Amino acid sequence: MAGIRGLFKDTAIYGVSSILGRFLNWCLVPLYTIMFPAEEYGIVTYIYSIVGLALIILTYGMETGFFRFANHERYHDAMEVYSTALVSLAVSSTAFIAAVLIWLQPISAALDCGAHEIYVAMMAVTVGLDAFTSLPFSFLRYRKRPVRFATLRLVNIGLNIGLNLFFILLCPWLWEHAPGWIAWFYDPDFGIGYIFLSNVATSVLNLLLLIPELRGFRYRFNGKLWREMIVYSFPLLVLGVAGIMNQTIDKIMFPYLYPTRDMAMAELGIYGANYKIAIVMVMFIQAFRFAYEPFIFARARERGEDRQQSYSDAMKYFVIFAMVIFLGVMFYLDILRHFISSAYFSGLKVVPVVMIAEFFFGVFYNLSVWYKVTDQTQWGTWFSLTGLAVTVALNLALVPVMGYMGCAIAAVCCYGVMMVASYVVGQRRYPIEYHTGRLAFYFFLALAFYGLAVVTAIPGHEWLTMAMRTPLLLIYIWIVFRREGITLRSLIRG
């Protein structure tokens, strides 16, 4: 039980940077949706979808590989593992940035961004730097330094937000009232380019702040170790690519599938903005992952059945808190929707669908413990490729008919298939008693409460409706806590 308490304490600390950081970035969404039309925000959504894919490729599973080999019984020097991985990422990231800058024009044209080459160049530098610095952040997690991890994350997030506010709000005001002050560096026509410029500056600061994690040890490159890490991590690379494509391929494909091409970017902008509302579920999953991954490998070195119980408990608490988050967002959506411009409200219908999809992904990630601790990571690849096939097929079938709602439905089906497949195979190869009946009860009970909230809503009386939903949320929490024997005192004592 102490291990589980430590896991959730670390989750809470990592969550300071993950949840608060994402929330602060989330607060930029109303700025973007107010200051830029949907078609321009659609370009931002499209480019960031490509960036997410590139970042996974450039880290090629080295973060998880580092955790595995730093805890490996055959390698007792974690710093040798760390330095080997650092050298590998430094070389690949530098080569990527150089290649994009050298062949910027054809690469931009291939990405359908020929009119925005400068955006591509800036994001290439950002991705290269972020791929390299991902390992020092993993090193902080390995050393169990969540406070420094969270502090660095928040400093960079603060800079990114500050630069966005400076370029998108303050500079236009200065341009109107005192243009001579900023004419030497500010171009009002650059528009959304300042979003990408802010990211470049943040990534550079990231690198500078992580210098202490890049010094104080002798750099060594162990070729044999590196090859073993690549062999171990390559399935994770394929898994990561398939996984991120499951999250982004709909946005990449959307402009080519939507029936009206000139409206595609505007519709994509609406979808992307409403997707941000569902980010609360993603924030929780990410915070949980930061603490969970080092935890499971440390647990894998222990003996006895306690570790099996730990994995089961982790899943149980994940489902409980994820469902509370789902109900909290959906019950108070009438407030949360004002984080985007009213011009984007037509896409609110995708929020519950996307949240369920992200919940399925979170369960799938928890289930992935069996193939990670048994070094059978190829299974993760097969599950993700299966999910990718579902995503592509359903997007091809649904987007021309249903628009961005087809993207959301495809996401639910994709992650649902991956979740079920991982559970079925995992129970045969590394059985863990997850008490699926109880977890399913909590899930469907939450859906039932959401359905009840929808049918009892009073049109035109949002505040009264939300007041009626609050007791429903409290009843759900009471039912779950009662069944699990959870008390407020036990939560406070942690």
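Student: How much space lies in the second largest cavity?

Tutor: Start with the general idea. Rolling a probe the size of a water molecule over the atoms shows where empty space is left. In this predicted model, the second largest cavity holds about 40 Å³ of space. The structure has 2 cavities of 30 Å³ or more.

Student: Which residues line the second largest cavity?

Tutor: The lining is made by L367, W370, S422, Y423, G426, Q427, Y430, I432 and Y434. Sorted by class, the lining has 6 nonpolar residues, 3 polar ones and no charged ones.

Student: Which helix gives the most to that lining?

Tutor: Helix α18, residues 404-429, gives the most, with 4 residues.

Student: Let me turn to helix packing. At what angle do α10 and α18 pack?

Tutor: Look at two things, the angle and the gap between the axes. Helix α10 spans residues 223-257. Its angle with α18 is about 165°, and the two axes lie 10 Å apart. An angle over 145 degrees counts as roughly antiparallel, so α10 is roughly antiparallel to α18. The crossing of α10 past α18 is right-handed.

Student: Which residues of α10 and α18 meet?

Tutor: From α10 come G243, N246, Q247, D250 and F254. From α18 come Y404, C407, C414, Y415 and M418. This contact of α10 with α18 counts 6 nonpolar, 3 polar and 1 charged residues.

Student: How are α5 and α10 set to each other?

Tutor: Read the angle again. Helix α5, residues 78-102, packs with α10 at about 75°, and their axes are 10 Å apart. Angles of 65 to 115 degrees count as roughly perpendicular, so α5 and α10 are roughly perpendicular to each other.

Student: Which residues make α5 meet α10?

Tutor: On α5, they are E80, V81, T84, A85 and S88. On α10, they are L225, W226 and M229. By class, this contact of α5 with α10 has 5 nonpolar, 2 polar and 1 charged residues.

Student: One last pair. How far apart are the axes of α7 and α9?

Tutor: They are 9 Å apart. Helix α7 covers residues 117-142, helix α9 covers residues 193-209, and the angle between them is about 30°. Angles under 35 degrees count as roughly parallel, so α7 is roughly parallel to α9. Here α7 passes α9 in a left-handed crossing.

Student: Which residues of α7 and α9 make the contact?

Tutor: In α7, they include Y119, M122, M123, V125 and T126. In α9, they include G193, F196, L197, N199 and V200. The whole contact of α7 with α9 divides into 12 nonpolar, 6 polar and 1 charged residues.

Key. Residues numbered from 1 in each chain as written. Predicted model: local features only at pLDDT ≥ 70, side-chain atom pairs only at ≥ 80, totals over all residues. Heavy atoms only, no water. 1 Å grid on protein atoms, 1.4 Å probe; cavity = no way out; pocket = protein on both sides within 12 Å on 5 of 7 lines; lining within 4 Å. Points joined across faces, edges and corners; volume = space filled by probe spheres on them. Helix = DSSP H or I, 4+ residues; strand = E, 2+ residues; numbered from the N terminus. Nonpolar A, V, L, I, M, F, W, Y, C, P; charged D, E, K, R; others polar. Axes fitted to C-alpha atoms, helices over the stretch in contact; angles between N-to-C directions. Left-handed = near helix turned anticlockwise from the far one by under 90°. Contact = heavy atoms within 4.5 Å.
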